[in-house]
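This briefing covers the fold, the surface, the aromatic pairs and one hairpin of the structure shown here.

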Amino acid sequence: MSEPIAAPRNAPLELKLRIMLRNWSYPEFREILYKEAKEGKDHRYFSVYKRLYAYLRASELRKQGLSYNEVAEAMRREVGFRPSKNMLSYWLRGIYTPLGNLSVFDVHQPEVGLVMGLILSDGSEYQYYHRCTAHAIGELINSDEGLLEMFRGACRKLGLSVYTRLKHKCWRAQTSSTLLYLLLKRFDEFIIKAPADVQWTFIRGLWLGDGHVGMKVVLINTDLSSGATWPTPSALGGCGPHSRIRGD
């Protein structure tokens, strides 16, 4: 029986946790979640990434035999967040958890790289707060309906809903995902250590959004500040095609 790769917001906790514990076992995901938990900004309350890290880490530490107080103190040392004993009890008994309203997916799926590449090359990612709740948006802006359908299909595979609207003669395809936003925000740290098929679909997404194929494969982008093009040579692993960056 194949492992589940995605769980929508209304999926059972057991399914979400199964997928997230698999993500937790991936060193590159664990690293970016830890960094975001430690370095990311809080908004009134502790950030969802801080709570998500604490939840997954607490589950791990309890299995190692640590008490609630020891787990809470470990969280304080690691990310500056000390969950109460009651909070830990609710989390670990599944009464409520940081996964409650999240859609989750296996971050090693090739579609993850494609969606990331398309958004970073021809879209945007942003986060806003409404009634103290963070909403994370990834958006593709393009007039090519075939490309938009590819984006929608990849998102569907990851259990993500897509809202599409026409604005200024371009289609805007938006998806809301806390997990995807984390990957987009720290894409350079994640993609460089991701599996090869995720790296290649990421590069494909970049090229489909901002490049063309002729005698050479060319990626054209003016955004050097975000580093959207920089992982490409490294992601190739020093094998196969040569790549270089130039300005005209």
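A residue is called buried under 20% relative accessible area, exposed over 50% and partly exposed in between, with a 1.4 Å probe and protein chains only. The model is predicted, so local features need pLDDT of at least 70 and side-chain atom pairs pLDDT 80 or more, while totals for chains, interfaces and linings use all residues. Residues are numbered from 1 along each chain as its sequence is written, and side-chain values use heavy atoms, without hydrogens and water.

**Overall**

- The protein contains 11 helices and eight strands; these are DSSP runs numbered from the N terminus, helices being H or I of at least four residues and strands E of at least two.
- Buried residues make up 44% of the 248 in the protein.
- Among contacts with a separation of 6 or more, 63% are between residues 24 or more positions apart; a contact means heavy atoms within 4.5 Å.
- The accessible surface is about 13200 Å², and carbon and sulfur atoms hold 52% of that surface; areas come from the Shrake-Rupley method with a 1.4 Å probe, and for residues only the protein chains shown count as cover.

**Aromatic pairs**

- The whole structure has six aromatic pairs; rings of Phe, Tyr and Trp (its six-membered ring) pair if their centres lie within 6.5 Å, and planes under 30 degrees apart count as stacked, over 60 as edge-to-face and the rest as tilted.
- Tyrosine 55 and tryptophan 91 form an edge-to-face pair, because their planes stand at 80° with ring centres 5.9 Å apart.
- This pair joins distant parts of the chain, 36 residues apart: tyrosine 55 lies in helix α3 (residues 48-63) and tryptophan 91 in helix α5 (residues 85-92).
- Both partners are buried, tyrosine 55 at 2% relative accessibility and tryptophan 91 at 3%.
- One aromatic cluster consists of Trp24, Tyr34 and Tyr53.

**Surface patch**

- Tyrosine 90, also in helix α5, is partly exposed at 32% relative accessible area.
- Together with Ile95 and Tyr96, Tyr90 makes a nonpolar surface patch of about 290 Å².
- Patch residues have over 30% relative accessible area and no salt bridge; nonpolar side chains (Val, Leu, Ile, Met, Phe, Trp, Tyr) are joined within 5 Å, like charges within 9 Å.
- A salt bridge is a side-chain nitrogen of Lys or Arg within 4 Å of a carboxyl oxygen of Asp or Glu.

- Strands β5 (residues 163-167) and β6 (residues 170-176) pair antiparallel over five bridges; pairing requires at least two bridges by DSSP.
- Threonine 164 has alanine 173 of β6 as its bridge partner.
- Two residues separate the strands in this hairpin, where histidine 168 has a positive phi near 55°.
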